[in-house]
Amino acid sequence: MITTRDQTPRAARAFLVGVQVGKATETHTASLLHELQELVATLDLEIVDSLLVKISSPHPKFFIGSGKTEEIIEKAKAAKADLIIFDNELTPGQQRNWDKASGLSVIDREEVILEIFGRRAQTHEARLQVKLAFMEYSLPRLKRAWTHLSRQQGLGGKGEGETQLETDRRLVRKRIEKLKEELETVRAQRATQRKQRQRLPTPVVAIVGYTNAGKSSLLKKFTGAEVLVEDKLFATLDTTTRKIQLPNQQTVLLTDTVGFVRQLPHRLVEAFKATLEEATMADFLIHVLDVNNPEVLEFYQTTLSVLKELGADSKPTLTVFNKIDLAPSPEQLAHIRQQFPTAIFISTHTGEGLQELLYRMSDLLNPELKQIQVLLPHSRYDLITQLYRHGKVLNKIIRNEGIEMIARISNRWLTCYQPFLIPVSKLKKAA
C-alpha cells in the first residue's frame, strides 16, 4: 500500500512490460504477460497499463534498447505508476540501471513470485524455503540497496558504502547457510515421517498441475478438507494430505501440492523440492488441468517438464481436465478429448466425472491387489475390518473355528494375514 499526501492509503500502481525476444511469437509473449497480470493481481496491486515490446536480442544495459526504455519510463510516469514490472528476468545490473533512469522501483517476474510465496507460505518449512530463495535472489542485488552510501568516502579512500556492502553480503551468506541447515533438519524430520507413513501400507496419490487449475477444490470435494480454495495464482503453497476410500474399499492418502507456473524461477523449484517431493513419493499422480484455458496444452507440458526435473515423470498418471461446466464450446472439448483419449473430464463445482475418477483410481491400484483366502479367528475383528477398509472382500463364510474370507488386497498388507492364509491347494473359487 502507498500512503498519499492526505494520508489516504491506496494500492501501489504497477506498469507491466512483456518483451518478445527473437523468435518468440507475439501470441506466446502476450499470454505470458496476461499471466503476469494475474500474478500481480494476486498481490493486490493496481495495474495502470501494460506494454509489449519486441527485440531481436537482449541489450546488456536495460534488456531493451534505450529508445524503448525512455518510452516505457514516460508511459509509466504518465500513468502515475509507482513501479515497473518486467515479465522477463532482469540481471542485478539491469535492475540498478532501470531504478536510476526511471526513479521508480523496477522488479521482474521472479521478484513478484517470491513476494507471493512470501505472503502465502503458512508452515515453518514453506517459510524457510521462501526465505532461502529470497536471500539467494537478493545477494547479487545488494549493491542496489547501498548505492546511496557509495558517495561517502571512508579512511584510506575506501567507500563507506563498499564497507557496508561487504558486511551485508557476509551477513546474508551466513543467513543462507543457516537457512540451509534448518531446511536439512526439516527434511530429515519429513523423511522420518515418510518412513513412519510407509510402515502403514496405504497408497499415496499426489494431485499436481498448473496453479489455479482446481487441485485444492478436488481435494476438498473428495475429503471435505478445510483447504483454501481461491481464484488466484498460488492461492496456497503448503501441501495438505487427507484419507479417502475408493470404490474398491481401498484407502489412499490424497495429497495436494503447490501449483506450477510457466517460467517458474529455477531457484524456487530447488527451494521447494521438499514440498514437491510429495509427487516423487506418491504411488501415482493426478494431473489436473483447466479445460477452459486456451494455453492448456502448454500448461500440460509445463507440468511435465517440472515433474521430469523432480524425477517424478515416470509415475503412473491420471490426466484430469477440470471445469467442464465452464467449457466455452463443444468443439474445444471434443478437440481435447481427441488429444487425450484416456483423460477424465470433471467439474469440481457440479461433481460431474468425479465418480469416474474414483473408479479409475481404483483400477490403477488394482494391479497391486492380490487375491487371498484366509481363516481369521473370531477374536481378530481388527483384521476383518482392515480387509473391508483396505481391500475388496469377495466372499465371507462364518465357521466355528473362525471367519473364512476371500479378498483382494494390496501386497503391502500381506504380512498381516500371512499366519492366517489357507494353503493354495485348498483355495476355493470366489463366489
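Visitor: How many aromatic pairs does the count come to?

Guide: This is a predicted model. Rings pair if their centres lie within 6.5 Å. By this rule the count comes to 6 aromatic pairs.

Visitor: What is the geometry of the pair formed by Tyr300 and Phe340?

Guide: The centres of Tyr300 and Phe340 lie 4.9 Å apart. Their planes make an angle of 75°. Planes over 60 degrees apart count as edge-to-face, so the pair of Tyr300 and Phe340 is edge-to-face.

Visitor: How many residues apart in sequence are the parts that this pair ties together?

Guide: Tyr300 belongs to helix α11, residues 296-310. Phe340 sits in the loop between α12 (330-339) and β12 (344-345). The pair therefore ties together parts whose separation in sequence is 40 residues.

Visitor: Is Tyr300 buried or exposed?

Guide: Buried means under 20% relative accessible area. Tyr300 has 18% relative accessibility, so it counts as buried.

Visitor: And Phe340, buried or exposed?

Guide: The relative accessible area of Phe340 is 13%. The limit is 20%, so Phe340 is buried.

Visitor: Which residues form one aromatic cluster with Tyr300?

Guide: Phe340 is one of them. The cluster also holds two further Phe residues. Together with Tyr300, its members are Phe340, Phe321 and Phe345.

Visitor: Which residue lies over the face of Phe345?

Guide: The distance from the ring centre of Phe345 is 4.1 Å. The residue over that face is Arg337.

Visitor: Which residues have the most contacts inside the largest nonpolar core?

Guide: This core has 33 residues. Elements giving it two or more residues include β3, β5, α11 and α12. The residues with the most contacts inside it are Ile85, Val112, Phe321 and Phe345.

Visitor: Which strands stand at the edges of the open sheet?

Guide: The sheet has 4 strands in the order β4-β3-β5-β6, with parallel pairing. Each edge strand has a single partner, so one side of it is left without a neighbour in the sheet. The edge strands are β4 (46-55) and β6 (105-108).

Visitor: What angle does the direction of helix α3 make with that of β6?

Guide: Helix α3, residues 92-102, packs on the sheet. It touches β5 (83-86) and β6. Its direction and that of β6 make an angle of about 150°.

Definitions and conventions: Residues numbered from 1 in each chain as written. Predicted model: local features only at pLDDT ≥ 70, side-chain atom pairs only at ≥ 80, totals over all residues. Heavy atoms only, no water. Pairing = 2+ DSSP bridges. Contact = heavy atoms within 4.5 Å. Axes fitted to C-alpha atoms, helices over the stretch in contact; angles between N-to-C directions. Phe/Tyr/Trp six-rings, centres within 6.5 Å; stacked < 30°, edge-to-face > 60°. Buried < 20%, exposed > 50% of the residue type's maximum accessible area, 1.4 Å probe, protein only. Lys NZ or Arg CZ within 6 Å of the ring centre and 35° of its normal. Core = buried A, V, L, I, M, F, W, Y, C linked by side-chain atoms within 4.5 Å.
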